[in-house]
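Please keep the sequence and the model open while reading.

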Amino acid sequence: MEWTTVEAANGAKLSVRLFKPAAGAEAAAAEDVAVVLVHPYTILGGVQGLLRGIAEGVARRGYRAVTFDMRGAGRSTGRASLTGSTEVGDVETVCRWVADNLNPRGVLLVGSSAGAPIAGSAVDKVDQVIGYVSIGYPFGLMASVLFGRHHNAILKSEKPKLFVMGTKDGFTSVKQLQNKLKNAAGRVDTHLIEGAGHFQMEGPAFDAQMVDLIVNFIKSLPK
């Protein structure tokens, strides 16, 4: 793995970590998709380290993975916003850095918890993004007070989407998820994890399952 710093358009310096496939890792060179992971809500302690297990697992499967601290989180400078609106630019910046410096065939954006709406707002802002995976998107009523402004961007995107959620998610019910997605554009896949809560899915116990879902989704994308 390698560390670097990438400067966002408005001056925030973002701490970025690249996870490379080890020699002898499962061959995925033909796929050549880089995975950019967006961490949970900075204001509640979200940092890129929470996604390390998934990033390492994706790299072991032969794909380059990138995590980063959004503004105001971890090693990055700047100040976090309450609604994640400013952080959308951070996601764009990192995706463009990946596209320009790693030169993959495409970028898969993965957002966890509040990182899911933030990532979703960036999907159509970067041409190289070819798909999106949400882990615990907070679609529920209370969470929508903060993140409702992000919903339309991902629901109207034609790019392939996978929504992963636990059936015991405290922020979004299964019915709320289904209602939100029924009129979404493009390909929309869902994967429900029986009995899992919102914060459980952010824990290491689910990392291997998330890696499988992400890798299988990449393999299903058009070449």
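Which residues line the largest cavity? In this predicted model, the lining consists of P40, L50, L51, I54, S112, I135, M201 and E202.

**Cavities**

- The structure contains two cavities of 30 Å³ or more.
- The largest cavity holds about 40 Å³ of space.
- By class, six residues of the largest cavity's lining are nonpolar, one is polar and one is charged.
- The second largest cavity has a volume of about 30 Å³, and Y41, T42, M70, A80, S81, G84, E87 and I118 form its lining.
- In the second largest cavity, the lining splits into four nonpolar, three polar and one charged residues.

**Largest pocket**

- The volume of the largest pocket is about 230 Å³.
- Its lining is made up of 17 residues, and those nearest the centre of the pocket are Y41, L44, S113, F171 and F199.
- Of the residues lining the largest pocket, 12 are nonpolar, four are polar and one is charged.
- Y41 belongs to the lining of the largest pocket and also to that of the second largest cavity.

**Nonpolar cores**

- The largest nonpolar core has 38 residues, and V36, V98 and L109 are the members that touch the most others in it.
- Helix α2 (residues 87-101) supplies the largest share of this core, with six residues.
- Another core, of 29 residues, lies apart from it and includes F206, V211, L213 and I218.
- Beyond four places in sequence, V36 touches V66, F68, V94, C95, V98, V107, L108, L109 and V110.
- As general background, nonpolar side chains tend to be buried together in soluble globular proteins.

- Helix α3 (residues 115-122) is largely enclosed by the rest of the structure, because eight of its eight residues are buried.
- The buried residues of α3 are G115, A116, P117, I118, A119, G120, S121 and A122.
- The elements covering the buried residues of α3 include β3 (33-38), α2, β5 (106-112), β6 (129-135), α4 (141-147) and α5 (151-156).
- In α1 (52-60), the buried residues are I54, A55, G57, V58 and A59.
- Cover for the buried residues of α1 comes from elements including β2 (13-19), β3, β4, β6 and α7.
- I54 is one of the buried residues of α1 and is also part of the largest cavity's lining.
- After α1 comes G62, which has a positive phi near 105°.

**H39**

- H39 sits in the loop between β3 and α1.
- Is H39 buried or exposed? H39 has a relative accessible area of 0%, so it counts as buried.
- Leaving out neighbours within four places in sequence, H39 contacts G46, V47, Q48, L51, F68, D69, M70, A73, S112 and G115.
- The H39 side chain lies 3.4 Å from the backbone oxygen of G46.
- A polar atom of the H39 side chain is also 3.0 Å from the backbone nitrogen of M70.
- Between H39 and A116 there are 77 residues of sequence separation, and the C-alpha to C-alpha distance is 8.2 Å.
- L51 and S112, both among the contacts of H39, also line the largest cavity.

**R64**

- R64 is found in the loop between α1 (52-60) and β4 (65-68).
- The side chains of R64 and D32 are joined by a polar contact of 2.8 Å.
- Outside four places in sequence, R64 is in contact with L18, F19, P21, D32, V33, A34, V35, L102, N103 and P104.

**N216**

- N216 belongs to helix α7 (residues 207-220).
- With a relative accessibility of 48%, N216 counts as partly exposed.
- N216 and D127 lie 22 Å apart in space, C-alpha to C-alpha, and 89 residues apart in sequence.

Terms used
Residues numbered from 1 in each chain as written. Predicted model: local features only at pLDDT ≥ 70, side-chain atom pairs only at ≥ 80, totals over all residues. Heavy atoms only, no water. 1 Å grid on protein atoms, 1.4 Å probe; cavity = no way out; pocket = protein on both sides within 12 Å on 5 of 7 lines; lining within 4 Å. Points joined across faces, edges and corners; volume = space filled by probe spheres on them. Nonpolar A, V, L, I, M, F, W, Y, C, P; charged D, E, K, R; others polar. Helix = DSSP H or I, 4+ residues; strand = E, 2+ residues; numbered from the N terminus. Polar contact = N/O pair within 3.5 Å; in protein donor to acceptor, adjacent residues only side chain to side chain. Contact = heavy atoms within 4.5 Å. Core = buried A, V, L, I, M, F, W, Y, C linked by side-chain atoms within 4.5 Å. Buried < 20%, exposed > 50% of the residue type's maximum accessible area, 1.4 Å probe, protein only.
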